[in-house]
Amino acid sequence: MSTLLPPPKEIAMLPVDWVEERSGAISFGKYMLFRNVPKDISWLQTLGSALITVFILQATTGIILAMYYQPTPETAWMTIQWITNEATLGWLVRGMHKWGSSVMVVLLFLHMGRTFLFGAYKYPREMTWITGAIIFILVMGMSFTGYLLVFDERAYWATIVGVNINGTAPILGPALSYILMVGPEIGTHTLSRFYSLHMLVLPSAIGGLIFLHMLLVVRLGVTSPPWSRMEPTERDV
Amino acid sequence: MPRLTARERREGYQREYAFQQRHGKPFFPHVVFHDTIVSLIVVALIMGITILWYAQFGAIPTDPMAERTGGLLGPAYEAKADPGVLGYHPQPDWYFFFLFELLRIFKTPELLIVGTIIIPTIWMVLLIGWPFIDRNPDRRLSRRPIALSIGVMVPIVLLTLTFYGSKVPAEGGAASTEPGAAAFAAGACSTCHVLANAGTAGNVGPVLDEAKPDYATALALITNGQGSMPAFKATYTEDEISCLAGYVATWSAAVGTTPGPNAATAKDYPASCEKAGGLFAGNASSAAGP
């Protein structure tokens, strides 16, 4: 009987082989894991991956918050209050979302500073820098739209000032303000518009750009520190 | 500095990349190890800040509409947003302080656009276009004096703006007893404007003692807003706006008990204040109306 069955190891590999044959996912994963990166890259080059971690953390806590939060002027503040005071570990989820945004902005600055000092935006990595810069601006947009959602005093007045700042732009300004607030005042539609921007439009844009950013990093190779030996010597060639 | 041809540049990169591939280390476990440690530290940091924030909350307030106070890291939440609330100091989250400070620097109506649109737009263009501005192919810092000085300057400028942007306005003095003064001092006006007669020291908008708006200007601005100033036509009644505009026109740049230069234009003042009634009571309505 036993001769009819392949050895257990092969049975275990069957689903893996099935996936590999149909998608190439396994060899792709192997390439990603075992591709060589410059020898002297270091702790300084971990900030990008830390940012992805924080992005995942923000997405996860954001999804949990969205299960309880209701974006109307009557309920927004009440649900925030309920999440903070009543929900099991609600304060932790909301707090990590709130403070995660601050940490994300700090990490973005450090990541950008590291890229700047390493000159890692130079040929051929200009597009990696541009996608990163747009991610940075969109993250600031996330912070701005997220601020109103708590709907407390600070959120309300800071958003009014922020929207009015948009309104000072020539020609498009007043229209932009009107579009952001959905009318002349902050109201029901302002909240749902900010909510939609905050949890659908901006995160998907940021997610897409992160994907592009990483694709470029893998394609072009991680930049070695500027102090490392840049050129092969005769001995290496 | 040397200018490379496109071909030299491409071949230089390919040579370097091939060399690093050959003499590199595998992504797993080396980079994965570093990345995991740093990610864990970052998550622990976020959790630590959150726990510290939580630990300093006061008890859940008995009044369900009250704010839940906090310590060093701020309250759990402030009181519910209320457009009619009086005397609130608007402040953004810390990472917008640098923009907030620009708003304060260019606070006059003519210059406002410099702080709100022109400078931020220039910054964004420079940020995105930086690889096309810095054409120096060398990556070593010793060969990049200009880039290095910019790289040092930018954080200094941002941190300075952030520091000044974080300052809350100084405490004002006592309001006078003129009609409208108490309403001005207790109302939204005080958060942004300096007006000696009302004893306010808000540092966001123009100093009214210097701007000296006449009645018509003040009335239009309070009613419809302009720039970063909100419109108050939904918050205050016509009489109340007329009272505030009359008060501002009359007493901006007033010396002692002598009304200021625009006093004569402030029609209906102080009659409109009497019609509006004391401290504009009952105005905090329609806070959350759709």
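**Values against cut-offs**

Visitor: Why is Asp239(B) called partly exposed?
Guide: Asp239(B) has a relative accessible area of 27%. Buried means under 20%, exposed over 50%, and partly exposed in between (1.4 Å probe, protein chains only). So Asp239(B), at 27%, is partly exposed. This is a predicted model, where local features need pLDDT of at least 70, side-chain atom pairs need 80 or more, and totals for chains, interfaces and linings use all residues. Residues are numbered from 1 along each chain as its sequence is written, chains are lettered from A and ligands numbered from 1 in the order written, and side-chain values use heavy atoms, without hydrogens and water.

Visitor: What makes Asp239(B) and Lys275(B) a salt bridge?
Guide: Their closest N and O atoms are 3.7 Å apart. The rule asks for a side-chain nitrogen of Lys or Arg within 4 Å of a carboxyl oxygen of Asp or Glu, so the pair counts. Asp239(B) lies in helix α10 (residues 238–251) and Lys275(B) in helix α11 (residues 271–276), so the bridge ties together parts 36 residues apart in sequence.

Visitor: Is Lys275(B) buried or exposed?
Guide: Lys275(B) has a relative accessible area of 63%, so it is exposed.

Visitor: How do you know that Glu16(B) and Arg139(B) form a salt bridge?
Guide: The closest N and O atoms are 3.8 Å apart, so the pair passes the test. Glu16(B) is in helix α1 (residues 6–23) of chain B, and Arg139(B) is in the loop between α4 (112–133) and α5 (145–165), so the pair joins parts 123 residues apart in sequence. Glu16(B) and Arg139(B) are both buried.

Visitor: Which salt bridge does Arg154(A) form?
Guide: Arg154(A) meets Glu78(B), at 3.9 Å from N to O. Across the interface of chain A and chain B, the rule finds 2 salt bridges.

Visitor: Why are Tyr121(A) and Trp129(A) called edge-to-face?
Guide: Over all chains, the count is 27 aromatic pairs. In this pair, the centres are 5.3 Å apart, with 65° between the planes. Tyr121(A) is buried at 1% relative accessibility, and Trp129(A) is buried at 8%.

Visitor: What makes Arg35(A) sit over the ring of Phe27(B)?
Guide: The charged end of Arg35(A) is 4.3 Å from the ring centre. The rule wants NZ of Lys or CZ of Arg within 6 Å of the centre and within 35 degrees of the ring normal. Arg35(A) counts as sitting over the ring.

How values were computed. Rings of Phe, Tyr and Trp (its six-membered ring) pair if their centres lie within 6.5 Å; planes under 30 degrees apart count as stacked, over 60 as edge-to-face and the rest as tilted. Helices (H or I, at least four residues) and strands (E, at least two) are DSSP runs, numbered from the N terminus.
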